[in-house]
Structure formats: structure tokens, C-alpha cells
Amino acid sequence: MKFRLKTATIEAIKVLNADYAFGNWDSSPFSEHPLWLKEAFENKIIVPYPDDRDYCPFKVISEDDDRYNLAEPGDWIVKDACGFIHCFTAEYMKANYESIE
């Protein structure tokens with residue numbers, strides 16, 4: 001069987017390359033700050049994942065199990081039509097979505 005992705009409207013923010021040092025960012029690590037992003041942080045769906053890089057990636061934890069993806073600069077954090085949060089690479093976004101705004 002073959003399937004085609006149904007047309008869906010999503011909300012997405014871009015992860016930016018903000019310098020992260022000593023627990024502080026030099027600027028915002030996100031292109032926008034919608035309410036769902038704040039709620040995802042409060043519910044620990046998105047959490048900072050600091051390591052030895054100059055920037056801080058973010059763990060985007062699947063809401064239906066304990067798997068996660070790392071969102072790095074250039075990636076997109078997406079709220080899908082069902083309200084679930086995902087992390088997509090720039091390449092995936094470009095291949096599967098187009099901006100409507």
C-alpha cells in the first residue's frame with residue numbers, strides 16, 4: 001500500500017544559534033515565543049540539554065513514550081494538528097511543509 005501525507009496546518013518555531021554560557025543565553029534561542037512553547041517547557045516536553053558546545057540543544061521528548069530528539073540551531077520545533085510537539089530538521093521541513101504566513 002502507498003500513502004500520501006494529508007494536508008495539515010502546523011505551528012513551528014525555529015531554533016536559533018544563541019550563545020549559551022554558564023546557564024545563560026546571550027539572546028533568545030527561538031524565533032518566536034508562542035504560548036504552546038511556554039507550556040511545553042513547563043510540562044518538561046522541551047528541556048535544555050547543555051553539553052560542551054557553544055550553544056545549548058533542546059531535548060524534545062515524545063509525549064507518548066520516553067524517546068526524544070535533540071533540537072539544534074536550524075531545526076524546527078513543531079506543534080502538530082493533534083497538539084503533539086516534535087522536532088524536525090530544516091531539510092525535513094523544506095521537503096514536507098511550506099509557509100502559509
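The charged end of Lys 59 sits over the ring of Tyr 68, 4.4 Å from the ring centre. A charge counts as over a ring if NZ of Lys or CZ of Arg is within 6 Å of the ring centre and within 35 degrees of the ring normal. This is a predicted model, where local features need pLDDT of at least 70, side-chain atom pairs count only at pLDDT 80 or more, and totals for chains, interfaces and linings use all residues. Residues are numbered from 1 along each chain as its sequence is written, and side-chain values use heavy atoms, with hydrogens and water left out.

**Aromatic rings**

- Rings of Phe, Tyr and Trp (its six-membered ring) pair if their centres lie within 6.5 Å; planes under 30 degrees apart are stacked, over 60 edge-to-face, and the rest tilted. That rule gives seven aromatic pairs.
- Take Tyr 49 and Tyr 68: their ring centres are 6.3 Å apart and their planes are at 45°, so this pair is tilted.
- Tyr 49 lies in the loop between β4 (46-48) and β5 (58-61) and Tyr 68 in strand β6 (residues 68-71), so the pair ties together parts that are 19 residues apart in sequence. Strands here are DSSP runs (E, at least two residues), as are helices (H or I, at least four), numbered from the N terminus.
- Tyr 49 is partly exposed at 30% relative accessible area, and Tyr 68 is partly exposed at 39%. On this scale, buried means under 20%, exposed over 50%, and partly exposed in between (1.4 Å probe, protein chains only).
- Phe 88 and Tyr 92 also make a tilted pair, because their ring centres are 4.6 Å apart and their planes are at 50°. Phe 88 is buried, with a relative accessible area of 15%, whereas Tyr 92 is partly exposed at 36%.
- Phe 30, Phe 41 and Phe 58 form one aromatic cluster.

**Nonpolar core**

- A nonpolar core is a set of buried Ala, Val, Leu, Ile, Met, Phe, Trp, Tyr and Cys residues joined through side-chain atoms within 4.5 Å. The largest one has 14 residues, and those with the most contacts inside it are Phe 30, Ile 46, Val 60, Ala 71, Ile 77 and Ile 85.
- Two or more residues of this core come from each of α1 (35-42), β5 and β8 (85-88). The largest share, three residues, is from α1.
- Ile 77 has contacts (heavy atoms within 4.5 Å) beyond four places in sequence that include Phe 30, Trp 36, Ile 46, Val 60, Ala 71 and Ile 85.

- Trp 76 lies in strand β7 (residues 76-79) and is partly exposed at 23% relative accessibility.
- Leaving out residues up to four places away in sequence, Trp 76 touches several residues, among them Ala 12, Ile 13, His 86, Phe 88 and Met 93.
- Asp 75 is in the loop between β6 and β7 and is buried at 12% relative accessibility. Beyond four places in sequence, contacts of Asp 75 include Ile 13, Lys 14, Leu 70, Cys 87 and Phe 88.

**Cysteines**

- With a disulfide taken as a pair of cysteine sulfur atoms within 2.5 Å, the count is zero.
- Cys 82 is in no disulfide, and the nearest cysteine sulfur, that of Cys 87, is 18 Å away. Cys 82 is exposed at 65% relative accessibility.
- For Cys 87, the closest cysteine sulfur is in Cys 56, 13 Å away and too far for a bond. Cys 87 is buried, at 13% relative accessibility.
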